[in-house]
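This briefing goes with the sequence and structure shown below. Keep the structure in view and find each part as it is named.

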Amino acid sequence: MGISESLKEKIIIIADTDPSQVVEILSFLKKDGFNNIKIAKDGNKVYDLLRPHYEKPEKIGLIVVGESLPQCNVNEMSMTLSSNEGGIVVPFIILRSDNIKSHTDKSDDFHAKGLIHYMSRPLNYSEFMLVVGFQLSMNYERFLRYKQEDRLINELAERRVVDARLKYLVVHDELTNLLNRQNFERRLRLILKRNNRLHQNGGLLFIDVDLFSLINELEGFDVGDQLLVEIVGIIRQLTSQGDLFARIGSDEFCLFLDNRSAEDIMRFAEKIRKDIYGSRLFIGDACYSASVSIGVSAQNTKKVVYHPGEMISRARQACGMAKENGRNLVKEYNEDSARVQERNKDVYWVPLIRKALVEGKLFLFFQPIVDLVTGDISHYEALIRMRGLDNEIISPIDFIPVAERIGLIHRIDLWVIEQAIDFLAELPPSMSDIALSINLSSVAFQDSSLLPTIKEKIDLSWVNAQRITFEITETVAVDKVEQTRELITKIRALGCKFALDDFGAGFCSFNYLKSFPVDYIKIDGQFIRNLINDDTDQVLVRSMVEVAKKLGKKTIAEYVETPDAIRKLREIGIDLGQGYIFGKPQMKLLSKKNISLTDLMNEKKPSNRKLLKIDTYTK
Ligand code: C2E
Ligand code: MG
Ligand code: MG
């Protein structure tokens with residue numbers, strides 16, 4: 001990990017009384033191109049050196065300090081200076097005094113706690129410089145984040161930049177004040193890199209609140225939110241300064257524990273699980289109990305993990321196993337059992353899917369998409385279903401991922417396209433204005449027969465291509481962006497339209513929007529479901545609409561379920577809505593072409609809040 005030139009210009013303070021030690025560190029730093037080095041012989045001198053830079057603290061790079069520096073309590077100084085969030089923040093390397101710590105335990109040689117690193121003598125050049133580089137980058141990253149937040153807050157105040165609000169929310173989780181996924185991954189990437197080099201261990205906990213959607217549904221979102229805050233509080237009490245804690249989904253949290261053995265990490269995870277399960281959570285006048293399922297992915301020196309996403313996904317899989325095994329459990333990721341589980345799933349589904357394709361057991365449902373100004377049905381989304389062995393209807397969520405994994409998805413994609421266009425062609429002339437949107441899988445563009453099939457089908461059926469919209473998601477392979485864009489352009493040239501589905505669900509949405517020429521943006525249901533109660537969702541949705549309008553694209557909201565949601569979406573300026581309030585997916589199209597929005601909005605929806613509490617205690 002080479003240290004960047006700009007970081008080498010920062011002031012490094014060496015505070016030590018041992019001249020030979022000072023000379024050695026000086027020579028290490030000079031060898032690597034550092035030339036802004038100051039020496040301090042005692043604690044007072046360190047503060048003297050810092051004082052002129054209080055206005056521009058980013059100029060200070062690092063303090064390397066001997067543990068027994070005179071006129072100074074090194075631990076106190078380092079804790080104060082490395083953790084003051086508002087003022088000056090400087091990372092530390094503290095050199096242990098030889099007589100305080102013996103070197104018998106190698107793993108104890110190197111300790112990290114937030115921005116403070118302990119190292120023992122004698123120093124080794126490459127290890128020392130690695131830690132210097134790591135400390136500088138961590139602090140610089142922290143500085144950039146604060147600067148960016150400041151800038152964003154100013155931009156917000158001036159209301160100039162359309163998506164500033166969005167970016168602001170993207171770096172924060174407002175409810176819990178934890179890191180969000182993006183920030184978490186950025187920091188974790190640095191730590192993993194360092195750990196791999198130093199052969200150090202750490203581990204990631206993926207924590208998911210059990211039955212959270214049920215709690216939300218039965219008790220309301222306010223209670224759900226409060227419950228999350230309480231749970232975060234319990235976990236926070238157990239963590240220490242150097243741990244990375246983030247909220248990465250509505251009820252999903254990640255916690256990275258640095259520099260601990262796999263056994264320690266499992267013990268820690270078990271403690272979190274127990275503490276949460278054993279706590280009574282008071283919200284309003286009710287008392288709840290909650291539990292979490294935890295998946296653990298340990299970083300170990302045998303199996304190197306480079307990418308934070310890989311680590312998160314392993315821990316998530318382990319968490320999935322904890323849930324499947326009955327919840328309120330801790331499970332460690334194990335490559336073999338993960339593969340076995342996936343294979344078992346495939347073994348079950350693959351013959352069923354093949355059979356369904358051959359025996360005509362696939363069929364389409366249709367769900368209306370409604371103009372939120374006029375109530376006119378703009379078009380329908382075609383949603384695939386499969387008939388199971390007992391004639392039951394199977395959801396695409398169960399079989400599409402398997403089909404994607406084993407490559408059967410191309411046949412399904414082509415089947416849906418042919419079926420949907422045939423459906424349009426067979427409608428009576430009075431319905432010749434009905435349009436359909438068709439979901440394409442994330443790998444559809446890798447199939448060379450996609451374009452010819454669409455073209456041929458449109459030519460032969462005489463269906464006006466304007467009546468067809470293809471929905472794509474942002475999971476399209478990043479390395480295939482060019483190829484995908486080209487295909488989209490060709491299909492659009494036939495007259496078909498495109499929609500970007502599940503918009504906002506991932507962090508790359510805006511990049512995809514820039515990369516792909518689409519006509520509609522379908523805002524992911526997770527932002528719409530709680531829209532009425534959740535200010536953050538409202539801000540996000542407003543920002544998405546602003547961006548879409550600027551780019552000349554229409555917006556569609558998924559999961560519109562209540563009259564209040566319709567009202568809110570109209571106020572925000574969303575063009576179209578899809579959701580159970582207008583119609584569930586079903587085999588037939590609706591007989592009407594317009595839905596009365598006034599009737600829907602005036603409808604008194606019975607409250608679905610039940611009086612049942614999740615595990616309410618009576619004292
Ligand atoms: P999607 O494309 O985002 O489809 C919207 C999903 O939301 C549908 O689920 C729909 O039934 C559901 N939905 C719509 N309104 C509401 C509502 O108000 N409340 C609730 N709770 N749900 C609502 P479905 O049909 O189970 O489809 C799930 C996903 O499966 C789709 O998400 C899509 O990604 C995939 N899929 C569906 N059909 C096809 C297909 O023909 N081909 C491919 N490749 N994927 C498909
Ligand atoms: Mg869709
Ligand atoms: Mg969708």
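Arg247 has Phe253 as its bridge partner in β10. The model is predicted.

- Strand β9, residues 244–249, and strand β10, residues 252–258, run antiparallel and are joined by five bridges.
- Strands of a sheet pair through backbone hydrogen bonds, and the pairing can be parallel or antiparallel.
- β9 and β10 belong to an open sheet of six strands, whose order is β7-β9-β10-β8-β13-β14.
- Pairing in this sheet is mixed.
- Its edge strands are β7 (179–180) and β14 (330–332), and each of them pairs on one side only.

**The shell around ligand 1**

- Around ligand 1 there are 25 residues, and those that come nearest are Arg385, Asn439, Asp501, Glu561 and Tyr580.
- By type, the shell has eleven nonpolar, nine charged and five polar residues.
- Four elements each supply at least two residues of the shell: the strands β16 (377–387) and β20 (497–503), and the helices α13 (396–406) and α14 (409–426).
- The element that gives the most is β16, with four residues.

**Polar contacts of ligand 1**

- The side chain of Arg385 has an N or O atom 2.9 Å from an oxygen atom of ligand 1.
- A polar backbone atom of Ile384 is 3.0 Å from a nitrogen atom of the ligand.
- Gln367 places a polar side-chain atom 3.0 Å from a nitrogen atom of ligand 1.
- Ligand 1 taken alone exposes 800 Å², and the protein buries 87% of that area.

**Two loops with backbone features**

- Which form does the peptide bond from Arg121 to Pro122 take, cis or trans? This bond is cis, with omega near -5 degrees.
- Pro122 sits in the loop between β6 (116–119) and α5 (125–158).
- Gln71 is a residue other than glycine with a positive phi, near 55 degrees.
- Gln71 is found in the loop that lies between β3 (60–66) and α4 (74–83).

Technical notes. Residues are numbered from 1 along each chain as its sequence is written. Chains are lettered from A and ligands numbered from 1 in the order in which they are written. This is a predicted model: local features need pLDDT of at least 70, side-chain atom pairs count only at pLDDT 80 or more; totals for chains, interfaces and linings use all residues. Side-chain values use heavy atoms; hydrogens and water are left out. A residue is near a molecule or strand if one of its heavy atoms lies within 4 Å of it. A polar contact is a pair of N or O atoms within 3.5 Å; within protein, one must be able to donate a hydrogen and the other to accept it, and residues adjacent in sequence count only if both atoms are side-chain atoms. Accessible areas come from the Shrake-Rupley method with a 1.4 Å probe; for residues, only the protein chains shown count as cover. Ala, Val, Leu, Ile, Met, Phe, Trp, Tyr, Cys and Pro count as nonpolar, Asp, Glu, Lys and Arg as charged, and the others, Gly among them, as polar. Two strands pair if DSSP finds at least two bridges between them.
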